[in-house]
Amino acid sequence: MAKTIITYGTFDMFHVGHLNLLRRLNDMADRVIVGVSTDEFNAGKGKKVLIPYEQRADIVSAIQYVDLVIPEKSWEQKLSDVKEYNVDTFAIGKDWEGKFDFLGDLCEVVYLDRTDSISTTDLKRSLKRFLSISQKDLSQAFEVLEMLRRDLS
């Protein structure tokens, strides 16, 4: 009998941590379902996304480890999704540990380690810091880099 696993996430700024998660899920089951959070659901959580839902869903759908992408529209839908899709395992990152134990009556609940040293939050912070650098400071930095390049050539 085929084993089905489900996970949920925003998948904004898709990175190797996302890929590692999906690969691990594929190794754990025959069918991988991914609930991608809609823009409206993220807004309700106070979360800003850079990439619109349709594009994030397309990216996740294109990954070879994913069999089905569904929109995540609310917290409550997890119960109905587990039933509707005959899910054997619900898996999510360890940062959510304990939050979804209530699903344990319907399926196995697994909290997975995240990929070290990468997260969308960290990427967004780095981007924000970079964008806060003044144009004058950036120009000076590029001038210094150009001088170093010439000196090393």
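The model is predicted, so local features need pLDDT of at least 70 and side-chain atom pairs count only at pLDDT 80 or more, while totals for chains, interfaces and linings use all residues. Residues are numbered from 1 along each chain as its sequence is written, and side-chain values use heavy atoms, with hydrogens and water left out.

Q: What makes up the fold of the protein chain, read along the sequence?
A: The pattern is β-α-β-α-α-β-α-β-β-α-α, from 6 helices and 5 strands. Helices (H or I, at least four residues) and strands (E, at least two) are DSSP runs, numbered from the N terminus.

Q: Why is Thr89 called buried?
A: Buried means under 20% relative accessible area (exposed is over 50%, partly exposed in between; 1.4 Å probe, protein chains only). Thr89 comes in at 0%, so it counts as buried. Its strand, E4 (residues 89-93), is mostly covered too, with 5 of its 5 residues buried.

Q: What does Thr89 touch, leaving out residues up to four places away in sequence?
A: Lys3, Thr4, Ile5, Ile6, Cys107, Glu108 and Val110; a contact means heavy atoms within 4.5 Å.

Q: How do you know that E4 pairs with E1 and with E5?
A: Two strands pair if DSSP finds at least two bridges between them. E1 (residues 4-9) and E4 have 2 bridges, in the parallel sense, and E4 and E5 have 5, also running parallel.

Q: How do you know that the length of H1 agrees with a helix of 13 residues?
A: The expected span is 1.5 Å times one less than the number of residues. That gives 18 Å for H1, and its end C-alpha atoms are 18 Å apart, so the two agree.

Q: What makes a set of residues a nonpolar core?
A: Its members are buried Ala, Val, Leu, Ile, Met, Phe, Trp, Tyr and Cys residues joined through side-chain atoms within 4.5 Å. The largest here has 19 residues, and Leu22, Leu25 and Val36 are among those touching the most other members. Apart from it lies another core of 13 residues, including Tyr8 and Ile92.
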